[in-house]
Amino acid sequence: MKAEGTIDQQTRHEQIGLTDAQAIEMYKYMLLARKFDERCHLLQRAGKINFHVSGVGHEAAQVGAAFALDREEDYFLPYYRDYGFVLSVGMTARELMLSAFAKAEDPNSGGRQMPGHFGSKRLRIVTGSSPVTTQVPHAVGVALAAKMKKKKLVSFVTFGEGSSNQGDFHEGCNFAGVHKLPVIIMCQNNQYAISVPAHKQISGKISDRALGYGFPGVQVDGNDVLEVYRVTKEARERAINGEGPTLIEAMLYRLSPHSTSDNDLAYRTQEEVDENWKKDSLPRYKKYLIDCGIWSEEQDAELSKEYVQIMKEATEYADNAPYPRAEDTLLHVFAGDEEGNQ
């Protein structure tokens, strides 16, 4: 129930088909992803984990897209910043923390890959590799299989704007356009490919490149979770109806360094970073929910406490979990026989 004194007209989330509960759930996943990022930053500085690639500033684009997809049927090919996305489609804070600690129970790779290389057969998250953008042709392949088998599902793939200049991106887009495949291709344009600003590597809009491959491209405010949801939902409807791919360019800003091994102030100013913190999607969306009368500062404080505890428990579990064993190095590398022997 909305609080007294709130506006009577239909709110933005209702206009695009979301209930109050769904709108709040989106915020919860955005906050959970932020709490995970904050905990990993502290753990790396304390020497508990070796490396972390931050997703701070990407939460709205990731969660908005995830909520527009079918989390029971679609296939997902995220990239290494997509904590908000993989949490939204079913991964847990404990699973992500096991990956950060490189422990044997890590569901992504058994502790043998870099953090952020997500993979889950249970959740239909296709494992990514270290070379950037290789997930784009893989997503196109998944979409081709779906079309050949006449399955009503889409594949969804994300990457950063620096990756959009790789051959895999263009080859994937070309094949998807030629065959009108049910794939959604999302570029999370955070303005920097590690240390290179977008204006030194990209001419024009990335979303306009879709026109050359025969399908629509749309640029969206990546800090607006509801707008990302709307655009992704429309793209999915196109794909399911046999109308082919859509390229989405979510415009946002990487609020943190590229990774914990990066000094971002060597290539951008503190003033620029501070200015973009004012556009942070998390307080922006929280304010929207409060203005709608469906959320409060008190609820927010309680949720923050709950998530801090979740991260504490996930950290303690992962810290005490065993590392991979040397004798298990070849597990899952080769297919086994019917008895499970390799």
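Predicted model: local features only at pLDDT ≥ 70, side-chain atom pairs only at ≥ 80, totals over all residues.
Me: Are helix α6 and helix α7 roughly parallel or roughly antiparallel?
Reply: Helix α6 covers residues 135–148 and helix α7 covers residues 167–179, and their axes come within 8 Å and cross at roughly 20 degrees. Angles under 35 degrees count as roughly parallel, so the arrangement of α6 relative to α7 is roughly parallel.

Me: Is the crossing in which α6 passes α7 left-handed or right-handed?
Reply: Two packed helices are described by the angle between their axes and the distance between the axes. For the passage of α6 by α7, the crossing is also given a hand, and that hand is left-handed.

Me: How many residues of the contact of α6 with α7 are nonpolar?
Reply: On the α6 side the contact is made by Val 136, Pro 137, Val 140, Leu 144 and Lys 147, while α7 brings Asp 168, Phe 169, Gly 172, Phe 175, Ala 176 and His 179. When these residues are divided by kind, two are polar and two are charged, and the number of nonpolar ones is seven.

Me: What kind of aromatic pair do Phe 36 and Tyr 83 form?
Reply: The whole structure holds 12 aromatic pairs. In the one formed by Phe 36 and Tyr 83, the distance is 5.1 Å centre to centre and the angle between the planes is 55 degrees, which makes the pair tilted.

Me: How many residues apart are Phe 36 and Tyr 83 in the chain?
Reply: Phe 36 is buried, with a relative accessible area of 2%, and Tyr 83 is likewise buried, at 3% relative accessibility. The pair links distant parts of the chain, because Phe 36 belongs to helix α2 (residues 20–45) and Tyr 83 to helix α4 (residues 83–88), and the separation is 47 residues.

Me: Is the pair of Phe 76 and Phe 85 stacked or edge-to-face?
Reply: Both Phe 76 and Phe 85 are buried. Their ring centres lie 5.4 Å apart and their planes stand at 75 degrees; since planes over 60 degrees apart fall in that class, the pair is edge-to-face.

Me: Is Ser 155 buried or exposed?
Reply: Ser 155 has its place in strand β2, which covers residues 155–160. Leaving out residues up to four places away in sequence, Ser 155 touches Tyr 75, Leu 77, Ala 139, Val 142, Ala 143, Pro 182, Val 183 and Ile 184. The relative accessible area of Ser 155 is 1%, so Ser 155 counts as buried.

Terms used: Residues numbered from 1 in each chain as written. Heavy atoms only, no water. Axes fitted to C-alpha atoms, helices over the stretch in contact; angles between N-to-C directions. Helix = DSSP H or I, 4+ residues; strand = E, 2+ residues; numbered from the N terminus. Parallel < 35°, antiparallel > 145°, perpendicular 65-115°, else oblique. Left-handed = near helix turned anticlockwise from the far one by under 90°. Contact = heavy atoms within 4.5 Å. Nonpolar A, V, L, I, M, F, W, Y, C, P; charged D, E, K, R; others polar. Phe/Tyr/Trp six-rings, centres within 6.5 Å; stacked < 30°, edge-to-face > 60°. Buried < 20%, exposed > 50% of the residue type's maximum accessible area, 1.4 Å probe, protein only.
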